[in-house]
Amino acid sequence: MRDRASIAEETSSWPDRHDLDLTGFIDGTENPTLIDAPGVALVPEGTLGADGTILLLQKWEHDATAWESLAG
């Protein structure tokens, strides 16, 4: 997709609890494979916005040291 997009920001992170969120929900299980992703993420040719996409993103900041020090 390099000919169609560029990186605006890159944030390093780490998987925690084997991709489970804090409630135990398995996050990301509905994501397509990398091979299928362009066909799912890009607006189809011949339609308004062709080859475009929309990204909805949540970015969270955590105090990892405080989190890890919690009794559990």
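Where is Asp 51 found? Keep that in mind as we walk through this predicted model, in which local features need pLDDT of at least 70, side-chain atom pairs count only at pLDDT 80 or more, and totals for chains, interfaces and linings use all residues. Residues are numbered from 1 along each chain as its sequence is written, and side-chain values use heavy atoms, with hydrogens and water left out.

Start with the whole chain. You will find two helices and zero strands (DSSP runs numbered from the N terminus: H or I of at least four residues for helices, E of at least two for strands). Of the 72 residues, 1% are buried (under 20% relative accessible area; exposed is over 50%, partly exposed in between, with a 1.4 Å probe and protein chains only).

Next, select residues 37-41, which form helix H1, and pick out Ala 41 there. Ala 41 counts as partly exposed because its relative accessibility is 37%. Beyond its neighbours within four places in sequence, Ala 41 is in contact with Gly 52 and Thr 53 (heavy atoms within 4.5 Å). Gly 52 lies eleven residues from Ala 41 in sequence and 8.3 Å away, C-alpha to C-alpha.

Now select Asp 51, in the loop between H1 and helix H2 (64-69). Its phi is near 70 degrees, a positive value in a residue other than glycine. At 28% relative accessibility, Asp 51 is partly exposed.
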